[in-house]
Amino acid sequence: MSSPKKASSRIRPPVLLINIGQLLTLREPKQHRGPRRGKDLQELGIVEDAAVLCAGGKIVSVGKTHEVLRDPRLKKNPGQVREIDCRGQVVVPGFVDSHTHPAFIQPRLADFEQRISGATYEEIAEAGGGIRSSVEAVRRASRPELSATILAGFKQMNEQGTTTIEAKSGYGLTVESELKSLAAIRDAAANWPGTVVSTLLGAHTVPREFQGRSSQYVELVCSEMIPHAAKQRLAEFVDVFTDRGAFSLEDTKRIFQAAAASGLGVRAHVGQLSETPLEPLLPFEPASFDHLDQVNEQDIRELARHNTVATLVPGANFFLGLEKFPAARKLIDAGVPVALATDYNPGSSPTPSMPFVLSLACTHMKMLPAEAIAAATINGAWALGLENRKGSVEAGKDADLAVFEIHDYRELPYWFAASRCAFSVVNGSIMTNASSSKLE
Ligand code: NIG
Ligand code: FE
């Protein structure tokens, strides 16, 4: 997202990380292009006793510590470089959280208690809770109030190693409050050094005042929300909740057409509550299909032939107390490119933590730690069209790194619900974590 006031545009002295125990470069495997599939998802490109030099917000040199220390740029500017000894710890590309809903005001504690007492996500929504119950507070909120809440969410995600965030609107559901939500996302992004990709999710649910007139609401999304968001450059993608009780396949096609006409990319929430047919949506080349708790064999075969990323969000399954998780193994083994994201939102997944999502992916979806890490970095970047800038540690890419207080990358998902991110480098700026004393 571009902004004249971008926090990361301030002067950033070069940063040199040395003595990295395991640097997970995620560099592109040989003879490979496209999002990671199958066995390639396990290729972390590990360099031991490594170093990374960043300058001007970019990675400029990557290799063994003794090699990087010979970089002529270091000789030219001695004393100006911020050198950090990583003392054998693990460094990964900053996580790319490619699916979040941070534009809300309040937690949904009544939903939480009702679910504990046995109600399902759909029953809660029918009884007046769910997405619609987050709408009123967002409509009432001022743009600065909303943006402060969003920024707080970005900071919490960053404390867990996330440096790039896809942020959706979707709790306003009027033209004015969806655009306000997107503007608030832009304001928050301008005050955070990380990278934010905005998505218009006007088609999150049909608002109460359009009950029984859903096609008129879809028309409003297509003829007003999308063109305005595009014209004001407030969104890069349009998302639709294509599922039982939300929007139909036909609604989704109309919305995707409108998005394409306005030059915006598309993505969709699919197969969370019921099986959404995916093949009819593939001609729109969605950047991702997200959730995929239910997906049929034919659609899995189709996904394996496309670059649309299957973004799995097991935090939602965990928080909704579901026994069933998305069939990650089946998707990966069939050659579907899989990403992982938090789905940070007040209803189904109030977690800012990518490491916790990695733990869930390993324990509940049987992904290997290496697969989970690739899904949360380079494949997240592919899901946002940022594969040339994000998701791997390679010269020329943005200087986004996360340093963890561990010595083996498999500890990342192993210490579940822990907070071991010592600090991160975010577009070249160092972001320390309050709880960590490890940055000298
Ligand atoms: O991704 N499925 C639709 N949207 C969100 C839930 C949003 C909410 O409950 O507030 C999701 O799970
Ligand atoms: Fe979501």
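Along the chain, the donors of the iron ion (ligand 2) follow the spacing H-x1-H-x167-H-x73-D, where donors are N, O and S atoms within 2.8 Å of the metal (3.2 Å for Na, K and Ca) and, as water is not among the atoms, sites may look incomplete. This is a predicted model, in which local features need pLDDT of at least 70 and side-chain atom pairs count only at pLDDT 80 or more, while totals for chains, interfaces and linings use all residues. Residues are numbered from 1 along each chain as its sequence is written, chains are lettered from A and ligands numbered from 1 in the order in which they are written, and side-chain values use heavy atoms, with hydrogens and water left out.

Select the iron ion (ligand 2) to begin: His99 (NE2), His101 (NE2), His269 (NE2) and Asp343 (OD) coordinate this ion at 2.0 to 2.3 Å.

Next, display the open sheet of eight strands, whose order is β6-β7-β8-β9-β10-β11-β12-β13 with parallel pairing; two strands pair if DSSP finds at least two bridges between them. At the edges stand β6 (95-100) and β13 (338-340), each with a single partner strand, so one side of each is left without a neighbour in the sheet. Neighbouring strands of this sheet are turned by 25° against each other on average, direction ignored, with axes taken as lines fitted to C-alpha atoms (for helices over the stretch in contact) and angles running from 0 to 180 degrees between N-to-C directions. Inside the sheet, β8 (residues 195-203) and β9 (residues 237-242) run parallel and are joined by three bridges, and Thr199 has Phe237 in β9 as its bridge partner. Helix α14 (residues 369-376) packs on the sheet, touching β6 and β13, and its direction makes about 80° with that of β13; contact means heavy atoms within 4.5 Å.

Strand β1 (residues 15-24) is joined to β2 (residues 46-55) by seven bridges, with Leu16 opposite Leu53 in β2. Six bridges pair β2 with β3 (residues 58-64) in the antiparallel sense, Cys54 having Ile59 in β3 as its bridge partner. Between β2 and β3 lie the two residues of a hairpin, and Gly56 in the turn has a positive phi of about 60°.

Finally, select His101 again, with Tyr121, His204, Asn345 and Ser348: of the 14 residues lining the largest cavity, these lie nearest its centre. On a 1 Å grid over the protein atoms alone, a cavity is a set of points where a 1.4 Å probe fits but cannot get out, and lining residues have an atom within 4 Å of a point. The largest cavity holds about 100 Å³ of space.

How values were computed. On a 1 Å grid over the protein atoms alone, a cavity is a set of points where a 1.4 Å probe fits but cannot get out, and a pocket is an open set with protein on both sides within 12 Å along at least five of seven lines; lining residues have an atom within 4 Å of a point. Grid points are joined across faces, edges and corners, and a volume is the space filled by probe spheres set on the points. Helices (H or I, at least four residues) and strands (E, at least two) are DSSP runs, numbered from the N terminus.
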